[in-house]
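Subject: Structure for your review

Hello,

Here is the structure I said I would pass on. My notes on it follow below.

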Amino acid sequence: MISVDKAVVARLRVKDSNFEILVDPRKAFEMKKGANVNIQDVLAYPAIYKDARKGEAVREEDLQKAFGTKDIYKIAEEIIKKGEFSLTTEQKKELIEEKKNQIATLISKRTINPQTNTPHPPQRILNAMEKAGVNIDPFLDAEVQIEKVLKAIKPILPIKFEKALLQIKIPSQFVGKAYSIITKAGEVKSEEYLGDGSLQIQIEIFSGVQDEFFRKLAEITKGNYESKVLKKVEV
């Protein structure tokens, strides 16, 4: 639960009256977008206010008249989903920086520098974003903004999306622990259990995460696995 001093005001006007709550801005926006977020984790304090900053609470009879219920959590959800948020300049700046980092990390994992065939570090991508002057929406999903960011930084940074088709062979004693790591890393194209109980699997992943993927496999199998790159494809 966020502290009251770091919370923002969410408000909704109903029948010529204002109703306000204090919320965690990140979790409130996740809920507003449809994510399954516990309302108790969103609220800084379980109360409905006329003026949140002054601490003027709304009477129960006024809540019942406006919302048809006195349930604070149900009312708070309606305020979040239908209402508006107020952010300070500093809070908005923090959210933008957080979103920038999310986008840079995703791009780093999914792309490579075609000059070196290695991933660009996130900080290099952040520097290119800054130089390109790309505008980031702090409340829009990072995935949705990747294409816009790539278009902005391509004139500055040599970059391309590339996928690798890998063939991995895992000894039987490590299959249980390694399987979830492998299948979460990308798209499984085929899998086969061999006569000795080992698993041979082909998986397509972004080239940018290949080194990280191999490191995880090495940790789980203590280095006892076989791998080879079958092909690489620009996407």
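Please keep in mind that this is a predicted model. I start with the strands. β8 and β9 form a hairpin, with five residues between the two strands. Gly197 sits in the turn of this hairpin and has a positive phi of about 90°. The pairing of β8 (residues 187-193) with β9 is antiparallel and runs over six bridges. One of the residue pairs involved is Glu187 with Glu204, the latter in β9.

β9 (residues 199-206) also pairs with β7 (residues 160-170), again in the antiparallel sense, over eight bridges. Here Leu166 has Ile203 in β9 as its bridge partner.

Next, the helices. α5 (residues 89-110) packs against α7 (residues 142-153) at an angle of about 70°, and their axes are 10 Å apart. Angles of 65 to 115 degrees count as roughly perpendicular, so α5 and α7 fall in that class. On the α5 side, the contact is made by Lys99, Gln102, Ile103, Leu106, Ile107 and Arg110. On the α7 side, Ala142, Glu143, Gln145, Ile146, Val149 and Leu150 take part. By class, this contact of α5 with α7 has seven nonpolar, two polar and three charged residues.

Leaving aside neighbours within four places in sequence, Thr221 is in contact with Ile170 and Phe174.

Regards

Note on methods: Residues numbered from 1 in each chain as written. Predicted model: local features only at pLDDT ≥ 70, side-chain atom pairs only at ≥ 80, totals over all residues. Heavy atoms only, no water. Axes fitted to C-alpha atoms, helices over the stretch in contact; angles between N-to-C directions. Helix = DSSP H or I, 4+ residues; strand = E, 2+ residues; numbered from the N terminus. Parallel < 35°, antiparallel > 145°, perpendicular 65-115°, else oblique. Contact = heavy atoms within 4.5 Å. Nonpolar A, V, L, I, M, F, W, Y, C, P; charged D, E, K, R; others polar. Pairing = 2+ DSSP bridges.
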